[in-house]
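Trainee: I would like to go through this model by question and answer. Can we keep it short?

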Amino acid sequence: MGDGIKVETPCWRITLFGGLRLETGSQVITRFRSQNIGGLLAYLALKLGEPQSREYLAELFWPDAEPSAARTNLRTALASLRRQLEPPGVAGGSVLVSGGQTTVTLSSDAVIVDIRAFDRALRLASRRETPPAEVRERLGEALALYRGPFLPGFYEAWALGERDRTAELHRDALRQLSGLHEQAGDISAALDTGRLLVAADPLAEESHGMVIRLLMETDQERAARAQFQELTRLLEQELGAEPSPEIRALLRKSASKTAVRVSAPPVPAGIGAAFPLPFSGVTPVRPVVTSEPALPRTPVHLPLALTR
């Protein structure tokens with residue numbers, strides 16, 4: 001430019017999980033002139049790089065206004081966003097790209113959006129040719145991006161739909177990652193991920209059942225019963241229901257396994273059967289019977305020496 005001001009395109013990062021957040025470098029923006037202006041930015045970020053009809057946006061965010069008033073509100077909102085996204089020194093139209101008077105696009109060259117990276121990581125994890133170690137890595141990337149529900153505080157239909165979609169994907173990723181950790185033999189990581197799944201959907205019996213089963217299989221019966229009691233409390237409090245027979249069976253199976261271990265201790269090598277417990281004194285040695293006939297022996301009156 002002739003005035004010597006350097007023109008550059010900033011790289012904005014937009015966060016939609018856990019709350020709307022706009023940042024570049026040390027600059028962070030979380031407040032906008034109105035809820036609709038923040039919602040407009042979030043919607044354009046969700047449709048990053050895709051031209052959006054101005055007429056559709058005006059109707060979407062100002063449905064109760066007259067068409068002319070809605071279009072005016074849209075122009076005002078876009079002007080407000082331009083001042084934030086394209087401050088002095090940034091080329092006009094480099095972040096919010098206008099397609100004449102018909103469309104507007106949030107440039108994918110200037111903006112990074114967390115939900116886009118979230119979806120991409122899950123797509124890579126779902127490919128059949130992706131090895132298990134990389135699947136775990138990609139799932140971990142997606143889960144790290146999910147910092148909370150999509151756009152809390154926004155209740156428009158498009159926001160609610162995305163909130164439900166991404167919440168389900170988040171739970172599926174946790175469920176899959178826990179199973180992969182278990183397959184790899186990392187039960188501690190499987191349990192940690194399972195507990196995150198329970199926190200994400202406390203009323204899901206399947207999630208509690210996963211944690212209970214892992215605790216039982218690692219001989220943590222007290223913790224498993226505490227998890228079962230928490231599930232019982234939640235179901236009674238929220239739904240007036242009780243845990244299913246399948247969940248109860250997880251505890252019964254462990255109890256029966258414990259009973260078998262207590263009633264049938266391991267038999268020492270070379271002894272045909274275990275002696276009754278408890279016992280005291282020296283355990284008598286059971287005579288070994290062979291197929292060869294015993295030779296006649298002359299009685300010897302010496303004290304009997306007992307051994308183990």
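Mentor: First, the ground rules. This is a predicted model, where local features need pLDDT of at least 70 and side-chain atom pairs count only at pLDDT 80 or more, while totals for chains, interfaces and linings use all residues. Residues are numbered from 1 along each chain as its sequence is written, and side-chain values use heavy atoms, with hydrogens and water left out.

Trainee: How many helices and strands does the chain have?

Mentor: Helices are DSSP runs of H or I with at least four residues, and strands are E runs of at least two, numbered from the N terminus. On that basis the count is ten helices and seven strands.

Trainee: What share of the 308 residues counts as buried?

Mentor: Buried means under 20% relative accessible area, exposed over 50%, and partly exposed in between, with a 1.4 Å probe and protein chains only. Of the 308 residues, the buried share is 36%.

Trainee: How are H1 and H2 oriented to each other?

Mentor: Axes are lines fitted to C-alpha atoms, for helices over the stretch in contact, and angles run from 0 to 180 degrees between N-to-C directions. The axes of H1 (residues 35-46) and H2 (residues 54-61) come within 11 Å and cross at roughly 135°. Angles under 35 degrees count as roughly parallel, over 145 as roughly antiparallel, 65 to 115 as roughly perpendicular, and the rest as oblique. H1 and H2 are therefore oblique.

Trainee: How are H6 and H8 oriented to each other?

Mentor: H6 (residues 157-183) and H8 (residues 205-217) have axes that come within 12 Å and cross at roughly 15°. That makes H6 and H8 roughly parallel.

Trainee: How many charged residues are in the contact of H6 with H8?

Mentor: Arg175, Ser178 and Glu182 in H6 meet Glu206, Met210, Arg213, Leu214 and Glu217 in H8. Two residues of this contact are nonpolar and one is polar, and the charged ones number five.

Trainee: Is Leu74 buried or exposed?

Mentor: Leu74 is found in H3 (residues 67-85). Beyond neighbours within four places in sequence, Leu74 is in contact with Leu40, Arg54, Leu57, Ala58 and Trp62. At 3% relative accessibility, Leu74 counts as buried.

Trainee: What is the phi of Leu151?

Mentor: Most residues other than glycine have a negative phi. Leu151 lies in the loop between H5 (132-145) and H6, and is buried at 0% relative accessible area. Although Leu151 is not a glycine, its phi is positive, at about 45°.

Notes: Contact = heavy atoms within 4.5 Å. Nonpolar A, V, L, I, M, F, W, Y, C, P; charged D, E, K, R; others polar.
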